[in-house]
Amino acid sequence: MSVPGRYFDGQTAQPQAVTVHFTKQGVRLDDASGVIMARWLLIDVRILEDPEDDRPAVYTLESNPAVRLQVSDRAFHRNLIRYAPLSAPGRATLSLSLPALAGWCAAAAVVVALVAWGYPKLSRPVAHAIPDGWRNSIGEQVVTEMGRGKTECAAPEGLAALTSLSERLLAAAPDPTEQVHVRVYSGGPVNAFAAPGGELVMFEDLITKADGPDEVAGVLAHEIGHAIHRHPTQGVVNAVGMSVIVQFMLGGLKSDSVTTAATQLYTMGYSRDAEREADQTGAAMMRRAGISPNGMTTFFQRIQERYGDGDEGVMGYFSSHPSLSERIDTLSEQAEFTGRPALADAEWQALRAICADETVEESELQEP
Amino acid sequence: MTGHDDDRQTPPEPGHAGRGQSLMGGANAASGPIHSLSYDGRAGRIFAIWLLNLALNVVTIGIYSFWGKTRIRRYLARSFTLSGDRFEYTGTGKELFFGFLKALPLIIAVYAPLVIWPPDLYPVTNFIFILIVYLFSVAIYAALRYRLTRTQWRGIRGYLGGSAFRYGFIVMGYGLLNILTLGLLIPVSDRATLTYKMGNVWFGNVQGRFDPGSRSLWSSHLITWFLALPTLGISRIWYAAAVFRYQMNSFSIAGIRLRAEPTGGQLSWLLFGNFLIVVFTLGLGTPFTIQRNMNYVARHVAFDGDIAAAAARIQQSNEELGSSGEGLEGALGVDSGIF
């Protein structure tokens, strides 16, 4: 068969109109005046592009990959495929049947699930391997950010009471080498959190709404539990690592908003396992320090009465925690334990007034 | 930008123009036939390739992206036609992947100190930030070179001469000037960087020429610069359009001049539309923004001159191709250029 083609020698920009003859031995190219220009061995021919829509097929040679031959004739292409079933690497073949695409998407979903499940297991050892210096500087940044627009409360007697309580709890910790530093920010919410590097923050409202020092001690013990297990650092590792992984996976998709959203969905709050771990460590610490863990229980109970069973969460802090009923049950098992109060009455009053002293300037917060 | 461009009529013959009409015309009106760039890529096709890439990227934790990117580029290049012949992208995923691997140690070496060093070592970290700006410019230039050497038309490939490192110094030096002058002198720096870059573009054995002549960026710069604050920077889109016209219309190669006259309004519409598409499809509409960008380029870029005469004198160059490409750029996560 003979079909028209367009030939480029790869050396000049001059197109040459050719007649392409196909035989089972090979392809012969004749120029416009009928003179033989070239003979191509079938085994040497490579397909660069399949014909598509009104686009011609493009061929080249293994032995001379600079040349190009364009042929629009589909029958020629079929013949070539039949007798020279060879293609160049990198040819833009698209096996895009719908089932294939669906299959790849399903495989992608499985990988996403594996990463989402497996990554936290990895972040734990990583969090423990991070040097203290890094954790401290990250923690300070987090704490400063959370305290923006709030005042750090520092009435000396209140601070002394809080510090001695945290030291007492820490001394009863399974690993007393861990350092913590508690501070109180004015106002709400009824909340406390742990940042990397043992930086703990309590909000004033939590102290004033608590029914006695044991409840504050319970929350504090829980947060120290987080700090000991390095959950905050793990959270940061999770967030950073996941955003990198998601970004990389999405490859061509250069939409930061999607990456951020996916990462945030994934890394919101601690896992329930982490909360359970903090609960258990906290309760153990309290007992060993001679404080009744009842405080933890009653605090959760009162919150439950007020807000229901945390899960639907009016309160962000408790929404990621195990359901309150479950925690109350767990903690009540230790209810027979009676200790001395977490703080003497004078100390407790001082702690409640920790924010009353407004002499601390806000500038102290603004400039960390 | 400069109103002195001669009356640009709609291209006489879109597909197969340029058959030996000699280069006549007046002295300043270099008006051979105008050859438009045509684009016939299909959004559905891009979407299919893109979606498959996305799935394979996830499955391979991103490793596939180099091959996926290549696949998109091949399709896009093939969809552009000039004077009857399609462009071709000959890069491979393997080249991109190895380029990335090669650049990775450098990236780690540069970024690691930022993480490890305590923040009170500011001189060190500041120096590293300058180094990163420098590396970004180097990476962009090197990537442009890779893409030009892998883009061909009628079997002849492009090339970018000059030195990526020198380009990095030019960008960094003028960047410092722009910081000190609050951006007032941006046209000076744009002219310098464009002159270096565009003047080093080759096609085959022919080097391009970048000659702004009487064109100037000053009027659009000053107007949009003063309006930048009240318009929250949106006015600068008009400057970006002016730079595009300046860059294209000042460039000629083998007697062919580029022509591009997009207005700021057209560019704003492109960007605004792309933004809406991405936001309201949660990123799934990205392929359609690609399609819009390609259509924009094809609609606005034209070639003015005797292509047949130019083709007669252009030969393949013997420049080295380089074995792997745009590693630094890939590793830094920047993506520039149209393909």
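This dialogue walks through how to read several features of a predicted model.

Reader: Before I look at anything, what should I know about the model and its numbering?

Author: This is a predicted model, in which local features need pLDDT of at least 70 and side-chain atom pairs count only at pLDDT 80 or more, while totals for chains, interfaces and linings use all residues. Residues are numbered from 1 along each chain as its sequence is written, chains are lettered from A and ligands numbered from 1 in the order in which they are written, and side-chain values use heavy atoms, with hydrogens and water left out.

Reader: How many helices and strands does chain A have, and how many does chain B have?

Author: Helices (H or I, at least four residues) and strands (E, at least two) are DSSP runs, numbered from the N terminus. Chain A has 14 helices and 11 strands, and chain B has 12 helices and 11 strands.

Reader: What share of the residues in each chain is buried?

Author: A residue is buried under 20% relative accessible area, exposed over 50% and partly exposed in between, using a 1.4 Å probe and protein chains only. Of the 368 residues in chain A, 46% are buried, and of the 339 residues in chain B, 52% are buried. Accessible areas come from the Shrake-Rupley method with a 1.4 Å probe, and for residues only the protein chains shown count as cover. The surface of chain A comes to about 17700 Å², with 57% belonging to carbon and sulfur atoms, whereas for chain B the values are about 15700 Å² and 68%.

Reader: How should I read the packing of two helices, such as α6(A) and α9(A)?

Author: Two packed helices are described by the angle between their axes and the distance between the axes. Axes are lines fitted to C-alpha atoms, for helices over the stretch in contact, and angles run from 0 to 180 degrees between N-to-C directions. Angles under 35 degrees count as roughly parallel, over 145 as roughly antiparallel, 65 to 115 as roughly perpendicular and the rest as oblique. Helix α6 (residues 213-228) and helix α9 (residues 272-288) of chain A pack at about 120 degrees with their axes 7 Å apart, so α6(A) is oblique to α9(A).

Reader: Which residues of α5(B) and α6(B) meet, and at what angle do these helices cross?

Author: Helix α5 (residues 164-180) and helix α6 (residues 186-199) of chain B cross at roughly 175 degrees, their axes coming within 9 Å, and therefore α5(B) is roughly antiparallel to α6(B). Contact means heavy atoms within 4.5 Å, and among the residues that meet are Tyr167(B), Ile170(B) and Tyr174(B) in α5(B), with Ile186(B), Ala192(B) and Tyr196(B) in α6(B).

Reader: Where is Ser83(B) placed, and what is its phi?

Author: Ser83(B) lies in the loop between β2 (80-82) and β3 (85-89) of chain B, and it has a positive phi of about 50 degrees although it is not a glycine. Its relative accessibility is 5%, so Ser83(B) counts as buried. Arg154(B), in the loop between β4 (151-153) and β5 (156-160) of chain B, also is a residue other than glycine with a positive phi, near 55 degrees, and Arg154(B) is buried at a relative accessible area of 8%.

Reader: Is Thr289(B) buried or exposed, and what is it in contact with?

Author: Thr289(B), which sits in helix α10 (residues 286-300) of chain B, is buried, with a relative accessible area of 8%. Leaving aside neighbours within four places in sequence, Thr289(B) is in contact with Asn274(B), Ile277(B) and Val278(B).
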